[in-house]
Amino acid sequence: KDFSKIQICAGTILSAIENNNLKKPSIILKIDFGSIIGVKKSSAQLRENYECANLVGKQIIAVINFPPMQIGNLISEVLVLGLPNSKGEPILVSPDKNIKNGLKLY
């Protein structure tokens, strides 16, 4: 029952820009979640494992219905999901085949 309250959806990264204005630099992502959900922003600490240019076009999984969160000078609208590598740095969770943006995890 609790799981059904969380909306976890697929999206495609449209742009990725470095944000050096935080204690731990991050990447600002614009993510397309399809026509119903739209494009959302997120700030993610991915710089240890990803280059901005390599993120564009990548499909990811994110929680889309948590309240927006102020991160430095940005409102992060979604929580991009990742798992820690051996150094504790995030590796993005993503589907292994392209799927429609906005599809909900079940």
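Guide: Let us begin with C52 in this predicted model: its relative accessibility is 14%, and because buried means under 20%, C52 counts as buried.

Visitor: Is C9 buried or exposed?

Guide: C9 has a relative accessibility of 3%, so C9 counts as buried.

Visitor: How many disulfides does the structure hold?

Guide: The structure holds zero disulfides.

Visitor: Turning to the sheet, how do strands pair in general?

Guide: Strands of a sheet pair through backbone hydrogen bonds, in either the parallel or the antiparallel sense. Here there is an open sheet of five strands, ordered β3-β2-β1-β4-β7, and its pairing is antiparallel. At the edges stand β3 (39–44) and β7 (79–80), each of which has a single partner strand, so one side of each is left without a neighbour in the sheet.

Visitor: Which strands does β1 pair with, and over how many bridges?

Guide: Strand β1, residues 8–19, is joined to strand β2, residues 26–32, by seven bridges, and the two run antiparallel. On its pairing with β4, residues 59–63, β1 has five bridges, again in the antiparallel sense.

Visitor: Which residues stand opposite one another in these pairings?

Guide: S15 stands opposite K30 in β2, while the bridge partner of I8 is V63 in β4.

Definitions and conventions
Residues are numbered from 1 along each chain as its sequence is written. This is a predicted model: local features need pLDDT of at least 70, side-chain atom pairs count only at pLDDT 80 or more; totals for chains, interfaces and linings use all residues. Side-chain values use heavy atoms; hydrogens and water are left out. Two strands pair if DSSP finds at least two bridges between them. Helices (H or I, at least four residues) and strands (E, at least two) are DSSP runs, numbered from the N terminus. A disulfide is a pair of cysteine sulfur atoms within 2.5 Å. Buried means under 20% relative accessible area, exposed over 50%, partly exposed in between (1.4 Å probe, protein chains only).
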